[in-house]
Amino acid sequence: MSKKVIFIGGTSYSGSTLLDMILANDEKGFSLGEVKSYFYPTKKHHINPLCGCGNEDCNIPELINDIKLGNLYSKLFEKYPEIDFIIDSSKSPFWIYKQSKKLQKQGIDVKNVLIWKTPLELAKSFYKRGRGDIWKKKWIEYHKRYFSFIKNYKTVKYKDLVSDSNVLKELCEYLQIPFFIGKYNYWEKTHHTFFGNKSAKMHLYKNYNNKDEVISKIQRSYKFDNDENKQLGEIYYNQVNNPDFDIKVKKQIINDKDEFESIIKTLAENKTNSISPKLNFFGKNSYLVKAEFLLLYGRIYKLYYRK
Ligand SMILES: [Zn+2]
């Protein structure tokens with residue numbers, strides 16, 4: 001098997017961390033999580049993080065810190081010859097685009113998966129975390145950027161992924177990685193996943209006596225409630241029926257109905273080959289400038305906070 005890096009794309013709260021760890025749940029897989037934030041931190045908890053595995057003595061962050069970003073994936077493959085594929089769920093289309101170019105030069109394969117939620121599902125995830133109306137802008141912008149920068153990918157709908165194992169099987173076929181029963185139980189393996197979604201990562205620490213402590217060190221500010229505690233070690237789809245909320249979201253969408261429909265159509269087509277959606281994305285250049293600026297900001301931030 002040739003070595004490959006699998007990039008996961010998706011908006012915030014789309015299930016990318018969950019998918020990252022499910023795919024990496026294989027003796028030949030390795031989950032890097034949102035490694036971009038390790039190299040280009042933008043928040044305090046990105047600085048000197050505790051490893052995703054929760055072990056204070058784990059040497060993975062240090063090891064990655066010693067690798068130059070340009071050789072990140074190739075050095076990891078060199079260091080761990082048993083690994084055939086690395087999962088990177090940094091999500092940023094700009095990051096995926098840039099890293100893919102480097103990897104192609106190094107002769108390492110690249111595969112892309114885009115995980116997505118419907119507008120209603122994503123709105124629910126945003127409101128649940130008190131982030132409200134911004135879901136709409138994020139949903140539209142993210143997908144247009146992704147379509148503009150990434151040319152070969154497979155889409156997977158969050159709900160289908162968590163409710164139908166055939167969807168995961170098909171995805172593994174596309175990625176040319178092994179599928180097996182039990183691949184969903186990602187907490188049965190030690191992952192060193194950087195950052196990412198708290199609810200998905202909680203499962204990793206389900207057998208820890210001090211899981212509150214571990215998670216608070218990793219996320220710097222997190223308390224989880226008893227409901228979450230009960231459901232550790234199980235993947236479920238939370239269907240919330242709230243007609244008032246559905247109406248509210250429908251009203252938010254109505255003015256941009258065409259745009260939403262064309263994005264959903266592109267997502268749902270689930271094409272595995274290059275597509276050129278007829279979506280006008282006028283912001284490509286300004287996005288590039290902004291993304292480069294954010295990298296610069298991250299570099300300064302890191303210099304400033306890291307001793
Ligand atoms: Zn670790």
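Predicted model: local features only at pLDDT ≥ 70, side-chain atom pairs only at ≥ 80, totals over all residues.
Reader: Which residues of α14 make the contact with α7, and what is the handedness of the crossing?
Author: On the side of α7 the contact is made by I140, H143 and F147, and on the side of α14 by E259, I263, T266 and L267. By class, these residues divide into four nonpolar, two polar and one charged.

Reader: How are α5 and α7 oriented, roughly parallel or roughly antiparallel?
Author: The axes of α5, residues 93-105, and α7 come within 9 Å and cross at roughly 15°, and this crossing is right-handed. The contact is formed by P93, F94 and Y97 from α5 together with R145, Y146 and F149 from α7, a set with five nonpolar, no polar and one charged residues. Because angles under 35 degrees count as roughly parallel, the word for α5 and α7 is roughly parallel.

Reader: What is the orientation of α6 to α13?
Author: Helix α6, residues 119-128, packs against helix α13, residues 243-253, with the axes 10 Å apart and an angle of about 110° between them. The crossing is right-handed, and in it P119, L120 and A123 of α6 meet D246, V249 and I253 of α13. Because an angle from 65 to 115 degrees falls in that class, α6 and α13 are roughly perpendicular.

Reader: Which residues have the most contacts inside the largest nonpolar core?
Author: In soluble globular proteins, nonpolar side chains tend to be buried together. The largest nonpolar core of this model has 54 residues, and those with the most contacts inside it are I6, L19, I87, V113 and I115.

Reader: Which residues does V113 contact, leaving aside its neighbours within four places in sequence?
Author: V113 is one of the residues with the most contacts inside the largest nonpolar core. Once its neighbours within four places in sequence are left aside, V113 is in contact with I6, I8, L19, Y153, K154, V156 and L171.

Reader: Is L171 buried or exposed?
Author: L171 is found in helix α9, residues 165-175, and, not counting residues up to four places away in sequence, L171 touches V113, K154 and V156. Within 10 Å L171 has 23 C-beta neighbours, and because 20 or more are needed for this class, L171 counts as buried.

Reader: Is K91, with its positive phi, buried or exposed?
Author: K91 lies in the loop between β3, residues 85-88, and α5, and its phi is near 75°, a positive value in a residue other than glycine. With 24 other C-beta atoms within 10 Å, K91 is buried.

Reader: In which loop is Q176 found, and how exposed is Q176?
Author: Q176 has a positive phi of about 55° although it is not a glycine, and Q176 is found in the loop between α9 and α10, residues 198-202. With 14 other C-beta atoms within 10 Å, Q176 is partly exposed.

Conventions:
Residues numbered from 1 in each chain as written. Contact = placed C-beta atoms within 7 Å. Helix = DSSP H or I, 4+ residues; strand = E, 2+ residues; numbered from the N terminus. Nonpolar A, V, L, I, M, F, W, Y, C, P; charged D, E, K, R; others polar. Core = buried A, V, L, I, M, F, W, Y, C linked by C-beta atoms within 7 Å. Buried ≥ 20, exposed ≤ 12 C-beta atoms within 10 Å, placed from the backbone. Axes fitted to C-alpha atoms, helices over the stretch in contact; angles between N-to-C directions. Parallel < 35°, antiparallel > 145°, perpendicular 65-115°, else oblique. Left-handed = near helix turned anticlockwise from the far one by under 90°.
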